[in-house]
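Here is a briefing on a two-chain model.

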Amino acid sequence: MKNIKHILIVVFFCNLFLSCNSLKTAAYDQYSFQKSIEIKIDASNLIDKGTTSYTDHLKDIGDLGLEIQKIIEYEKNKPNNEVTYAMWQVLANKDKNLLVGFFRRWKDKKQLKPFFIKEAKKQIMDVMDLLIQYESKKDKETKEKLLKLITNN
Amino acid sequence: MYIMDFEVLLKEIKASLITLFGEKWGDLEGESEKDIEQFLKDSEEKLKRWTMLLVNKDIDLEDYEWLVKSQKDFMIMQALHSAGVHKISLGHFKNKIVGAIVNIVKVVIL
């Protein structure tokens, strides 16, 4: 009887820990990782063109904007993924002075100064690295366990 | 000469910000001072570089303002990253606790 009581207490605490949603983080996602790198490289190439006229790059800027919208929608709908989603929201906010904010400034000024581009680019690339590093730190075990489960059955 | 000028400038910025925060949010003055100090400490190298570019007219005042604001947004991203990494560590810790409990139960009770 005493043993059953102990087991019930242990099961209760295990359930409590396992159901603690605030500690859950989405598992590592290869698509998110790869897509973030692609966006970073595309953004880097476009930012370098900031000394030329904004209107000459409307298509490329539009394409990049579309890719950013897609990844945001993807990240938004993944469970327990609030941090990555929040990071993308900051990057995509035209009122913040990072990724999309840079393109807004380019649009407003039509052309940008080389020194400004160099400094702004460093800021943007560094925060994109934070995003990429965060994805790579996410738990790979969950995915591996899932794959093991699928292949074993 | 330039570095000396920048140190004076940095002190003036800090004093102005603390006064500004003190006037607006008197109760938060102590905390705000810490936040301002942290912001300036983390941003010092960049602020120095950007101020030099402004002095040399390589960038204009609007560019300078944009970059300083980008540093604030940069720190928001750093805070999010730290919070996320911390959460992952806590998740691992939680899993270890559950594993340890189950192992103890297996040995002692079953």
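Chain A holds 7 helices and 0 strands. Helices (H or I, at least four residues) and strands (E, at least two) are DSSP runs, numbered from the N terminus. Along the sequence the pattern reads α-α-α-α-α-α-α. This is a predicted model: local features need pLDDT of at least 70, side-chain atom pairs count only at pLDDT 80 or more, and totals for chains, interfaces and linings use all residues. Residues are numbered from 1 along each chain as its sequence is written, while chains are lettered from A and ligands numbered from 1 in the order in which they are written.

**Chain A overall**

- Of the 153 residues in chain A, 26% are buried. A residue is buried if 20 or more other C-beta atoms lie within 10 Å of its own, exposed if 12 or fewer, and partly exposed in between, with C-beta atoms placed from the backbone.
- Take the contacts in chain A between residues at least 6 apart in sequence: 69% of them join residues at least 24 apart. Two residues are in contact if their C-beta atoms, placed from the backbone, lie within 7 Å.

**Helix H3 of chain A**

- H3(A) covers residues 58-76, 19 residues in total. Its span from first C-alpha to last is 27 Å, close to the 27 Å expected at 1.5 Å a residue. The expected span is 1.5 Å times one less than the number of residues.
- The buried residues of H3(A) are A:Ile61, A:Leu64, A:Ile68, A:Ile71 and A:Glu75. They cover an arc of only 90° around the axis, so they sit on the same side of H3(A). The arc is that of the directions from the helix axis to the C-beta atoms.
- An α-helix has 3.6 residues a turn, so residues three or four places apart point the same way.
- These buried residues of H3(A) pack against H2 (30-47), H4 and H5 (99-109) of chain A.
- The face turned away from the buried side carries exposed residues, among them A:Lys59, A:Gln69, A:Lys70 and A:Glu73.

**Two residues of chain A**

- A:Thr84 lies in H4 of chain A. A:Thr84 is buried, because 27 other C-beta atoms lie within 10 Å.
- Beyond its neighbours within four places in sequence, A:Thr84 contacts A:Ser32, A:Glu75, A:Tyr134 and A:Glu135.
- A:Thr84 and A:Arg104 are 20 residues apart in sequence and 23 Å apart in space, C-alpha to C-alpha.
- A:Asp126 lies in H6 (residues 114-137) of chain A. A:Asp126 is partly exposed, because 13 other C-beta atoms lie within 10 Å.
- A:Asp126 and A:Lys40 are 86 residues apart in sequence, yet 10.0 Å apart in space, C-alpha to C-alpha.

**Where the chains meet**

- Chain B puts 29 residues into the contact and chain A puts in 33 residues.
- On the chain B side, H2 (29-55) and H3 are the elements that give two or more residues. H3(B) gives the most, with 24 residues.
- By class, that side of chain B has 18 nonpolar, 5 polar and 6 charged residues. Ala, Val, Leu, Ile, Met, Phe, Trp, Tyr, Cys and Pro count as nonpolar, Asp, Glu, Lys and Arg as charged, and the others, Gly among them, as polar.

**H4(A) against H3(B)**

- H4(A) (residues 82-92) and H3(B) (residues 61-108) pack at about 170°, with axes 10 Å apart. H4(A) and H3(B) are therefore roughly antiparallel (angles over 145 degrees).
- H4(A) contributes A:Val83, A:Ala86, A:Met87 and A:Val90 to this contact. Residues from H3(B) include B:Ile76, B:Met77 and B:Leu80.
- This helix pair's contact has 8 nonpolar, 1 polar and 2 charged residues.

Terms used
Axes fitted to C-alpha atoms, helices over the stretch in contact; angles between N-to-C directions. Parallel < 35°, antiparallel > 145°, perpendicular 65-115°, else oblique.
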